[in-house]
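Subject: Structure handover

Hello,

Here is the structure we discussed. Please look it over before reading my notes.

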Amino acid sequence: MTALIPRPRGEPADGVVHIPGWLDTDRQAELVDACREWARPPAGMRHIRLPGGGVMSVRTVCLGWHWEPYRYVREVGGEPVKPFPPLLTELGRRAVTDSYGQDGGYAPDVALVNFYDDTAKMGLHQDRDERSMAPVVSLSLGDTGVFRLGNTAGRGRPWTDLHLESGDLLVFGGPSRLVYHGVTKILPGTGPGGIGLDGGRLNITLRESGLPRS
Ligand SMILES: O=C(O)CCC(=O)C(=O)O
Ligand SMILES: [Fe+2]
């Protein structure tokens with residue numbers, strides 16, 4: 001949705017930067033197309049299984065390394081994970097520079113691409129399976145997600161709920177690298193036209209695994 005009143009850049013916590021509308025419509029459309037390709041088999045998009053026997057409500061495809069609770073692996077269902085694309089390295093560097101004023105040598109090698117239908121959510125968690133404390137870069141496409149930004153101490157309050165709209169950038173690093181966060185709901189029908197996504201929300205997070213290259 002085009003905001004009548006521009007949404008300002010926000011720093012809701014130390015090390016967390018939210019830049020609304022960071023991706024223009026063409027860039028969003030390009031990423032939606034790319035996500036559609038990445039989602040295809042082999043090693044395509046799927047509900048990740050949790051150790052307790054359940055499955056996550058989001059569907060996920062990973063690039064570079066596959067995340068399974070709670071580690072990174074090179075294969076999923078016996079198939080090699082798709083490579084991490086240069087497009088995302090470049091976007092990640094620009095994202096970190098625009099957030100913190102310098103890219104700090106940011107070299108992401110993992111992307112998690114999550115698709116949320118109208119009812120999908122993600123419980124509060126930390127992104128802590130990486131061995132690198134480099135920032136997490138998050139890009140949102142399609143329907144607005146209500147993103148709960150908690151604290152680093154635990155799953156309880158205080159928290160702040162942010163609306164992540166299509167094209168928004170969120171970076172969390174530094175003292176907030178291990179902040180608890182999640183997605184409490186999707187607001188159906190709020191995504192923009194013209195990006196090739198009819199419904200639902202895509203979120204791409206970029207991370208440095210800190211794992212060896214080969
Ligand atoms: O969808 C989002 O905005 C957050 C996704 C997330 O936290 C994750 O993939 O670890
Ligand atoms: Fe996360």
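The notes below cover numbering, the sheets, the helices and the ligand site.

This is a predicted model, in which local features need pLDDT of at least 70, side-chain atom pairs count only at pLDDT 80 or more, and totals for chains, interfaces and linings use all residues. Residues are numbered from 1 along each chain as its sequence is written, while chains are lettered from A and ligands numbered from 1 in the order in which they are written.

**Annotation.** UniProt lists residues 107-210 as "domain: Fe2OG dioxygenase", in an unreviewed entry. UniProt positions are in the numbering used here, feature names are shortened, and annotations may be inferred rather than shown by experiment. The span is 45% strand and 0% helix. Its end C-alpha atoms lie 10 Å apart. Helices (H or I, at least four residues) and strands (E, at least two) are DSSP runs, numbered from the N terminus.

**Seven-strand sheet.** The order is β1-β2-β13-β10-β15-β8-β3, in an open sheet with antiparallel pairing. Two strands pair if DSSP finds at least two bridges between them. β1 (10-13) and β3 (59-63) are the edges, each pairing on one side only. From one strand to the next, the twist averages 20 degrees. Axes are lines fitted to C-alpha atoms, for helices over the stretch in contact, and angles run from 0 to 180 degrees between N-to-C directions. β2 (residues 16-19) and β13 (residues 169-172) share four bridges. His 18 has Leu 170 of β13 as its bridge partner.

**Helices.** α1 (residues 25-39) lies across β3, β8, β10 (136-142) and β15, at about 100 degrees to β10. α2 (residues 86-100) lies across β2, β8, β10, β13 and β15, at about 75 degrees to β13. Contact means C-beta atoms, placed from the backbone, within 7 Å.

**Four-strand sheet.** This open sheet runs β9-β14-β11-β12, again with antiparallel pairing. Its edge strands are β9 (122-125) and β12 (160-164). The twist averages 25 degrees from one strand to the next. Six bridges join β11 to β14. Leu 149 stands opposite His 181 in β14.

**Ligand 1.** The residues around ligand 1 include Asn 114, Asp 127, His 181 and Asn 203. A residue is near a molecule or strand if its C-beta atom, placed from the backbone, lies within 6 Å of it. β8 (110-116), β11 (144-149), β14 (181-187) and β15 (201-207) each supply at least two residues of this shell. The shell divides into five nonpolar, six polar and one charged. Here Ala, Val, Leu, Ile, Met, Phe, Trp, Tyr, Cys and Pro count as nonpolar, Asp, Glu, Lys and Arg as charged, and the others, Gly among them, as polar.

Best wishes

Technical notes:
Two residues are in contact if their C-beta atoms, placed from the backbone, lie within 7 Å.
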